Amino acid sequence: MEWEPVSERLRKDKSEYVNDIATEAEFAAYKGDIKTLYNITKPLSRRKTAKSKPVKDKDGKVLTNLNEQMERCNEYLVKVLHRPEPDQPVRVEPAGVDLNIKIDNIKKYRVKKAFKSLKNGKSAGIDEIPPEVFKSGGNDIIEYMYKLLNKIWQDETIPTEWLKGLLVKLRKKGYMMRIGEA
């Protein structure tokens, strides 16, 4: 049995590993599986992902209590989003020519196309219905949504529930509070 230096063996192993990963990436690209391709190439790029910063109060002190963090986020959003009304209202001149905008009913094929374009694996909204439910509903859900959307289009009113949203703080790697700290 012939002995080889450790550094040579490491170089060979690394080369084999990279070749195996490259083969996997080529296969994923051939299949059109972008998610797998991204997950394979991301570690090879050696780029560090940006870490989320901890929530701090106005004095720069790190907030560890979840309620304090939520209050600070709320305070920040109120400051950013609630601005005073402008002194002079915006004046929009009417268009000189009628715009060619279709105002007829929504077509069923458009509803079906919209459902097909939904991405799997996305989080549900405030209604807690994931996109996969709409995609797997078949013709029944397309028919229901077709009627609902046309009623909304004709009445020119959006349900108030559709105007609500959720803000969820997602923790990333970096500063993490352990249970029991505070």
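Asn150 counts as buried, at 6% relative accessibility, where buried means under 20% relative accessible area, exposed over 50% and partly exposed in between (1.4 Å probe, protein chains only). Asn150 is found in helix α6; helices (H or I, at least four residues) and strands (E, at least two) are DSSP runs, numbered from the N terminus. Leaving aside neighbours within four places in sequence, Asn150 is in contact with Asn105 and Ile106, contact meaning heavy atoms within 4.5 Å.

This is a predicted model, in which local features need pLDDT of at least 70 and side-chain atom pairs count only at pLDDT 80 or more, while totals for chains, interfaces and linings use all residues. Residues are numbered from 1 along each chain as its sequence is written, and side-chain values use heavy atoms, with hydrogens and water left out.

**Overall architecture**

- The chain has six helices and zero strands, and its elements run α-α-α-α-α-α from the N terminus on.
- Buried residues make up 9% of the 182 residues in the chain.
- Among contacts between residues at least 6 apart in sequence, 48% join residues at least 24 apart.
- The accessible surface of the chain is about 17200 Å², and 56% of this surface belongs to carbon and sulfur atoms; accessible areas come from the Shrake-Rupley method with a 1.4 Å probe, and for residues only the protein chains shown count as cover.

**Nonpolar core**

- Val111, Phe115, Phe134, Ile141, Ile142 and Met145 form the largest nonpolar core, which has six residues. A nonpolar core is a set of buried Ala, Val, Leu, Ile, Met, Phe, Trp, Tyr and Cys residues joined through side-chain atoms within 4.5 Å.
- At least two residues of this core come from each of α4 (108-117) and α6 (138-155), and α6 gives the most, with three residues.
- Not counting residues up to four places away in sequence, Phe115 touches Phe134, Lys135, Ile141, Ile142 and Met145.
- In soluble globular proteins, nonpolar side chains tend to be buried together.

**Salt bridges**

- The count comes to seven salt bridges, a salt bridge being a side-chain nitrogen of Lys or Arg within 4 Å of a carboxyl oxygen of Asp or Glu.
- Side chains of opposite charge can pair when their charged atoms come close.
- Asp13 and Arg9 meet in a salt bridge at 2.8 Å, N to O. The two residues are separated by about one helical turn because they are four residues apart in helix α1 (residues 6-31). Asp13 is partly exposed at 31% relative accessibility, as is Arg9 at 34%.
- Arg72 forms a salt bridge with Glu75, and their closest N and O atoms are 3.2 Å apart. Both lie in helix α3 (residues 66-81), three residues apart, about one turn of the helix. Arg72 is partly exposed, with a relative accessible area of 22%, and Glu75 is partly exposed at 38%.
- A network of salt bridges links Lys58, Arg72 and Glu75.
- Lys151 and Asp155 meet in a salt bridge through their side chains (2.8 Å, N to O). Because Lys151 and Asp155 are four residues apart in helix α6, about one helical turn separates them. Asp155 is partly exposed, at 40% relative accessibility.

**Surface patch**

- Leu99, Ile101, Ile103 and Trp153 make a nonpolar surface patch of about 500 Å². Patches are made of residues with over 30% relative accessible area and no salt bridge, with like charges joined within 9 Å and nonpolar side chains (Val, Leu, Ile, Met, Phe, Trp, Tyr) within 5 Å.
- Leu99 is placed in the loop between α3 and α4 and counts as exposed, at 63% relative accessibility.

**Individual residues**

- Ser136 is in helix α5 (residues 131-136) and counts as exposed, at 62% relative accessibility. Ser136 and Lys116 are 20 residues apart in sequence, and their C-alpha atoms are 9.6 Å apart in space.
- Glu156 lies in the segment after α6 and is exposed at 71% relative accessibility.
- Although Glu156 is not a glycine, it has a positive phi of about 60°. Most residues other than glycine have a negative phi.
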